[in-house]
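Good morning, and thank you for coming. Please look at the sequence and the structure together while I speak.

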Amino acid sequence: MAELVTMNRVTIDPTRILEHLEEIFPDREKFQGWKKDKINSEDIPWIQTSIRKIPEIVNMLEIKHGNKLLDMGCGDGRILVGSVILADLAGYRIKAVGYEKRPSLVQYAREKVRVVGLEDRIRIEQVDILHDDLKELRKFHRVYMYLYDDTNSAVAPNLEMYLPNGAIVLSMDYTMPRSWEKYRVLSRSDYNKFVIKRPDLQDPLTLLRGHSPRKITE
Ligand SMILES: C[S@@+](CC[C@H](N)C(=O)[O-])C[C@H]1O[C@@H](n2cnc3c(N)ncnc32)[C@H](O)[C@@H]1O
């Protein structure tokens, strides 16, 4: 039998990690509060990614030590908690942030993070990804999104502008706009994966493009 691991405040049997996560993150029917939140028609509903998919998601995101993960529209925070714990078990220490618009879900996800004692590694922020400033995207190496095509298209310019070179974006079920085909590395009915590539700043031609040569003076 695998040894039990005490992580944070919970004791985990690594072979039963998904069962533990399913207990911590029940089906959304158990939490009705989110239906009362005031939202716009453009805001998509809370639909949970299956806990069973989290190991594959962590693999697809190629999570490594020191990565900072963002879930754009994090719901109950399951992707963040699951990824941090699975990465820990694999020997990678990561941090994660969840953006969520619905106030009740922000509170609910924060409570989940508190229950597993991961407050120092996971932050849940009330952010409207369609209207708020997203400059913080500069800090993230890995982004998970389970949104609609329209929402993906609306946030794509910010992701493209701010994410660092090599950042991986994994979109569940839905895809990114056509202009992102240059970043695509995977196309499946369930996952679309993209890697942000910026021009090589070491390339002198790139550096010179658009600049007139400076006069060399003594
Ligand atoms: C399909 S659910 C995915 C939840 C979670 N990422 C998961 O995979 O289980 C989309 C989430 O995005 C949130 N959301 C919808 N519109 C949003 C907006 N404009 N800004 C931030 N979050 C939003 C919803 O409240 C919901 O929690």
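I begin with a definition: a residue is buried if 20 or more other C-beta atoms lie within 10 Å of its own, exposed if 12 or fewer, and partly exposed in between, with C-beta atoms placed from the backbone. By this count, 34% of the 218 residues of the protein are buried. Please note that this is a predicted model, in which local features need pLDDT of at least 70 and side-chain atom pairs count only at pLDDT 80 or more, while totals for chains, interfaces and linings use all residues. Residues are numbered from 1 along each chain as its sequence is written.

The protein has 6 helices and 9 strands; these are DSSP runs, numbered from the N terminus, with at least four residues (H or I) for a helix and at least two (E) for a strand.

Let us turn to strand β7, residues 168-172. Of its 5 residues, 4 are buried. Which strands pair with β7? Strands pair if DSSP finds at least two bridges between them. Strand β6 (residues 142-145) runs parallel to β7 and is joined to it by 4 bridges; R142 has I168 as its bridge partner.

Next, the interior. In soluble globular proteins, nonpolar side chains tend to be buried together. A nonpolar core here is a set of buried Ala, Val, Leu, Ile, Met, Phe, Trp, Tyr and Cys residues joined through C-beta atoms within 7 Å. The largest such core holds 53 residues, and L69, M72, L80, V81, V84, V143 and Y144 touch the most other members. Helix α3 contributes the most to this core, with 7 residues.

Finally, consider V58, in helix α2 (residues 54-60). Why does V58 count as buried? V58 is buried because 25 other C-beta atoms lie within 10 Å. Contact means that two C-beta atoms, placed from the backbone, lie within 7 Å. Apart from neighbours within four places in sequence, V58 is in contact with I63, S83, L86 and A87. V58 and Y144 are 86 residues apart in sequence, and their C-alpha atoms are 9.8 Å apart in space.
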